[in-house]
Amino acid sequence: MASPSPTQFSAALVLLCLLVFSFSTTTSSSKVAVAVAVAVAPPQVNEHTISKSSVAASVEKVSLTVYYSSESVRSANFIAYNLMKILENGLIDFVDLKLVPFGKSRLLKNGTILCERGSKECELNRLQACAMNVIPGAYNYYYPFIYCTEVIVSEGKTTEDWLQCLEVGNQYKDSIYKCFTNGLGEKLQLHNAKVTASLNPHLEFVPWVTVNDLPIRHDTRNFIRYVCKAYRRGAVPYACRGEIRS
């Protein structure tokens, strides 16, 4: 049986978000509105955005890595509202994308991890690391889960809200939760700690975005321009037209 294309799979999971989430009741202090799929419509399918396996397999991809803290609002805004663009415009086919949820957490000598925003951030870092480890396939496949949690963070919601995101990848939720509770999640976080500590130059703030291992620092809104300038093989990707100046 043929596997769905990344575009089909992403669109299906975004539609699933619409089914899972709705506006919740208004409290005396605030209205908790979880509208996960409102900000992102399914990618428009045309000759420029459809993922072509033959193209994706033959290109030399640009390395794009995002080092972040899962409960940092700046990280959440970047992942949910900026990074999504490469799925919409098809540039994902030319990118080797990695997400590293650790940020400015600290790894103590006894192996304990102290997160910048407390234990809940450690839990969400671990949950996201588990999702990326458990859900098979490329970024297109696990992104809806990461997107779901980061939209909730950007809106200032609680742990109880982002745990609902397990329903987005519901066929994997038992495996994700098992990873989260059986010690594998901690091992994944120790790995992320080592990867983050090995950065040169060192991470200074989050999100810390690198293109071919070079940090773009505060210019994260223009990350696509850096990716396009780093792409050296073959015809210029359609998404890069207008980004590269001669």
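In the predicted model, the bridge partner of Y67 in β4 is V100, where strands are DSSP runs (E, at least two residues) and helices likewise (H or I, at least four), numbered from the N terminus. Residues are numbered from 1 along each chain as its sequence is written, and side-chain values use heavy atoms, with hydrogens and water left out. Because the model is predicted, local features need pLDDT of at least 70 and side-chain atom pairs count only at pLDDT 80 or more, whereas totals for chains, interfaces and linings use all residues.

Strand β3 (residues 62-68) pairs with β4 in the parallel sense over seven bridges, and with β7 in the antiparallel sense over four bridges, two strands being taken as paired if DSSP finds at least two bridges between them. On the β7 side, T65 has T210 as its bridge partner. The open sheet comprises four strands in the order β4-β3-β7-β8, with mixed pairing; its edge strands, β4 (95-101) and β8 (214-215), each pair on one side only.

Seven of the seven residues of β3 are buried, that is, under 20% relative accessible area with a 1.4 Å probe and protein chains only. V62, L64, V66 and Y68 lie on one side and S63, T65 and Y67 on the other, so both faces are covered.

Elsewhere, helix α5 (residues 119-134) packs against helix α9 (residues 184-197) at about 95°, with the axes 9 Å apart; axes are lines fitted to C-alpha atoms, for helices over the stretch in contact, and angles run from 0 to 180 degrees between N-to-C directions. The two helices are therefore roughly perpendicular, a term covering 65 to 115 degrees.

Terms used
Parallel < 35°, antiparallel > 145°, perpendicular 65-115°, else oblique. Buried < 20%, exposed > 50% of the residue type's maximum accessible area, 1.4 Å probe, protein only.
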